[in-house]
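This report walks through one model, from its charged pairs to its nonpolar core and surface. Please keep the sequence and the structure in view while reading.

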Amino acid sequence: KGVWAAWFGGVFICAVTAFSILFADELFRWDLSFRVRDVEQAEPSDWEIASRYVTWTALPVLAMVVFILGLR
């Protein structure tokens with residue numbers, strides 16, 4: 001029972017969250033590589049680090065909501 005699309009959506013959100021946690025610095029440098037020359041010397045700002053933590057908190061909550069809505 002339940003909605004399989006919601007289950008796949010929740011799993012996808014969980015996978016994106018895990019990928020973003022595991023490769024946070026690499027994603028930061030990849031995004032900056034299109035804007036600055038020496039990307040290896042760049043350091044994330046406090047705002048960047050805070051937004052990471054907010055995202056890493058919000059995405060699992062969103063996944064839980066999607067899983068719960070899929071149980072209907």
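Which residue forms a salt bridge with Asp-25, and how far apart are the closest N and O atoms? The partner is Arg-52, and the closest N and O atoms lie 3.2 Å apart. The model is predicted, so every value here is computed from predicted atoms.

**Salt bridges**

The structure holds four salt bridges. Asp-25 sits in helix H2 and Arg-52 in helix H3, so their bridge ties together parts that are 27 residues apart in sequence. Arg-52 has another partner: Glu-48, with the closest N and O atoms 3.4 Å apart. Glu-48 and Arg-52 are four residues apart in helix H3, which means that about one helical turn separates them.

Is Arg-52 buried or exposed? Its relative accessibility is 13%, so Arg-52 counts as buried, the cut-off being under 20%. Asp-25 is partly exposed, at a relative accessible area of 40%. Glu-48 is also partly exposed, at 25%.

Another salt bridge joins Arg-35 to Asp-31. Here the closest N and O atoms are 2.7 Å apart. Arg-35 counts as exposed, because its relative accessibility is 60% and the cut-off is over 50%. Asp-31 is partly exposed, with a relative accessible area of 38%.

The table lists these pairs.

| Asp-25 | Arg-52 | 3.2 Å |

**Helix H3 and its cover**

Helix H3 has 25 residues. At 1.5 Å a residue they should span 36 Å. The end C-alpha atoms are 36 Å apart, which agrees.

Which residues of H3 are buried? They are Arg-52, Trp-56, Leu-59, Ala-63, Val-66 and Gly-70. An α-helix has 3.6 residues a turn, so residues three or four places apart point the same way. What covers the buried residues of H3 includes H1 and helix H2 (24-32).

Two residues show contacts across the sequence. Ser-20 lies in helix H1 and counts as buried, at 17% relative accessibility. Leaving aside neighbours within four places in sequence, Ser-20 is in contact with Leu-27 and Trp-56. Trp-56 is one of the buried residues of H3. Ala-6 touches Val-66, Phe-67 and Gly-70, again not counting residues up to four places away in sequence.

**The nonpolar core**

Which residues make up the largest nonpolar core? There are five: Ala-6, Ile-13, Leu-59, Ala-63 and Val-66. Helix H1 (4-22) and H3 are the elements that give two or more residues to this core. H3 supplies the largest share, three residues. In soluble globular proteins, nonpolar side chains tend to be buried together. Ala-6 and Val-66, both members of this core, also touch each other.

**A nonpolar surface patch**

Val-61, Met-64, Val-65, Ile-68 and Leu-69 make a nonpolar surface patch of about 440 Å². Where is Met-64 placed? Met-64 is in helix H3 (residues 46-70). With a relative accessible area of 47%, Met-64 is partly exposed.

Notes. Residues are numbered from 1 along each chain as its sequence is written. This is a predicted model: local features need pLDDT of at least 70, side-chain atom pairs count only at pLDDT 80 or more; totals for chains, interfaces and linings use all residues. Side-chain values use heavy atoms; hydrogens and water are left out. Patches are made of residues with over 30% relative accessible area and no salt bridge: like charges are joined within 9 Å, nonpolar side chains (Val, Leu, Ile, Met, Phe, Trp, Tyr) within 5 Å. Accessible areas come from the Shrake-Rupley method with a 1.4 Å probe; for residues, only the protein chains shown count as cover. A salt bridge is a side-chain nitrogen of Lys or Arg within 4 Å of a carboxyl oxygen of Asp or Glu. Buried means under 20% relative accessible area, exposed over 50%, partly exposed in between (1.4 Å probe, protein chains only). A nonpolar core is a set of buried Ala, Val, Leu, Ile, Met, Phe, Trp, Tyr and Cys residues joined through side-chain atoms within 4.5 Å. Contact means heavy atoms within 4.5 Å. The expected span of a helix is 1.5 Å times one less than its number of residues.
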